[in-house]
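Reader: I would like to go through the labels attached to this model and see what each one rests on. Please give the value and the cut-off in each case.

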Amino acid sequence: MRDWNYENDQWMKLPGHIKHLPLFTRHFDLVSLLFRCLWGFFLKALAFRFYVRLKVIGDFHALYKSQKRLILISNHSSHLDAVSIAAAVPFKYWMDLYISAAKDYWFRNPVFTFFSKHCLGAIPIDRKDRSGEAIKLCTSLLTNLERIWLILFPEGTRSKDGFIQPFKRGVSLFSMKTDTPILFLYIEGNKDLMPKGAFLPRPGVLKVHVGPVFPPAPVDELYDAYKAWVLTINPNAYAAEEATTQALA
Amino acid sequence: MLYGLWQDPLYRQTALILVGFLLTLGLVIFLLSKHGPLMNSAWASLKSWIFVIPFVFAILALPKPWPLVFMVLLSLQSAKTFFQMVGAYHRSWFVWTTYIFIILQGYIIYHPPLGYLYDLTPMIFLGTVSLIPVLRNTALHMIQYMALSTICFVFFGWSLLHMARFTSLDGGILILIYLFMLTEFSENVCWAVSRTFGKMKLFSKISNKVTLEGFLVSLVLTLLLAWGMRHLLPVRSNKYWLAAGLFAAIFGRFGDLILSVIRRDLGIKNTGIFIFGRDDILARMDKLIFVGPLYYYLFLYFQKG
């Protein structure tokens, strides 16, 4: 007699903070769906409409049709960045949107963990972990999911002065290992609305620029291409000497 | 200002005694928890109740239908955990059908003229889940999912919601609390005695927690507790508390063992923690899947007699 096939790895093998990620089973928990909808409504219909006035420059719809798997990279100088990108992406694509989030901040207590899991669909990245668990997690999702848009901040941490910092090599690693193209995004105004250390954002205008899709490439090449694109939008995005070097080149 | 059942002095006293007892016991066990694995384990088990019991009393004291809504939510959460445990949670058609039927059961309890449908729902459920493969035009693993959904619904929908049926009887909330306390007490005594003094394992291939010594001691102590707390029952005749004590000690163990069989077959110890303590929600509810319906029907039989 053939044994029954209990496909319970998703819920029995994974630790609590990553159970929401479809590592074994492509399935959305009803709790996640409900909270994602509520969060989506709050973010798009209220917070990023009346309090922070979000302007999206570019077209996510066309991208969604042509790009099933993407790594979305952006400048990072505020805790507002991940939610700004989420607010910029149309809600109907949210279930394919994943955000890499620092485990020590976004998963620091049960309330944050619940919010990160169910509202953001966050992938916990342990910045102190040297065993490569986060890399395995992201690589597994990028390889196995038919559709995934993964938001990564290649600078690794928030910029203190608001200028874009050199990229860590993780983003290139994920991209090249899984053959996933990279979408350039640039968030304008994030530092002014919620600088590092601020508890709550200030009201104001925030722009999310949607850039070109770049093929998998080594980190230096990627950084140069991103920098060139960002400088066409904001010549002051990089610290003075960085911008001069780029202009000379 | 007191609301709902808080106006009933019996309810208030029961809540205060139980919460006070748990807090005192909790404090003692917490202080002793560093002195060995047994006390440490007892603390792990008890601490969830210290947080949960006041919340449960607050909910159950609410006017109708909130206690019923609470029981239906518990039933849904148990069903969800069961589906996750047996690896059927991603089969949304089966999961949703089960949820809908559980909610339907809740509505039937809420609306007494529909009461005759309650015991028919397992049959209607079976008919409905059997149609899912046909509607979806698929056959692979479908016997498995139909069977698991039916087990889930019968145990955590139909059976467990008999506890909610007590809420529609006069003094029913207190019966519910009474049965819940007896089954919990019985399990913990059986487990503690089995672990400390137990030699003769009754079901060694299913559970290490049930020994003859543990079972007998828990039976006697549960009967004593049932007698001691018989004032919670609307009728204080001996047969009511005696039946409740016997059912909690005997059939409570059966519910526990049935879940152990499923867990052992799946190779799972538990599916996570329930609130803060030891074990998951199924470990809290499994004792009631036999006790609930059996005591409910016996209670009605006694009432008619």
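Reader: Which residues does Val31(A) touch, leaving aside those up to four places away in sequence?
Author: In this predicted model, Val31(A) touches Phe114(A), His118(A) and Lys80(B). Touching here means heavy atoms within 4.5 Å. Val31(A) itself sits in helix H2 of chain A, residues 30–51.

Reader: Why is Val31(A) called partly exposed?
Author: Its relative accessible area is 27%. Buried means under 20% and exposed means over 50%, so Val31(A), at 27%, is partly exposed.

Reader: What makes Asp179(A) exposed?
Author: Asp179(A) has a relative accessible area of 53%. The cut-off for exposed is over 50%, so Asp179(A) counts as exposed. The residue lies in the loop between helix H8 (170–178) and strand E6 (182–188) of chain A.

Reader: What is noted about phi of Asp179(A)?
Author: Phi of Asp179(A) is near 55°, a positive value in a residue other than glycine. Most residues other than glycine have a negative phi. In chain B, His141(B) also has a positive phi, near 60°. His141(B) is in the loop between helix H5 (121–136) and helix H6 (142–159).

Reader: Why is His141(B) called partly exposed?
Author: The relative accessibility of His141(B) is 24%. Buried would need a value under 20%, and exposed a value over 50%, so partly exposed is the label for His141(B).

Reader: Which residues of chain B are joined by a cis peptide bond?
Author: Lys64(B) and Pro65(B) are, with omega at about 5°. Most peptide bonds are trans. Pro65(B) is placed in the loop between helix H2 (37–60) and helix H3 (66–85) of chain B.

Reader: How many helices and strands does chain B have?
Author: Chain B has twelve helices and zero strands.

Reader: How is chain B divided into domains?
Author: The domain assignment gives domain 1 (1–63), domain 2 (67–164) and domain 3 (171–305). The contact between domain 2 and domain 3 of chain B takes 17 residues from domain 2 and 20 residues from domain 3. Their C-alpha centres lie 23 Å apart.

Notes: Residues are numbered from 1 along each chain as its sequence is written. Chains are lettered from A and ligands numbered from 1 in the order in which they are written. This is a predicted model: local features need pLDDT of at least 70, side-chain atom pairs count only at pLDDT 80 or more; totals for chains, interfaces and linings use all residues. Side-chain values use heavy atoms; hydrogens and water are left out. Helices (H or I, at least four residues) and strands (E, at least two) are DSSP runs, numbered from the N terminus. Buried means under 20% relative accessible area, exposed over 50%, partly exposed in between (1.4 Å probe, protein chains only). Domain bounds come from an automatic or database domain assignment.
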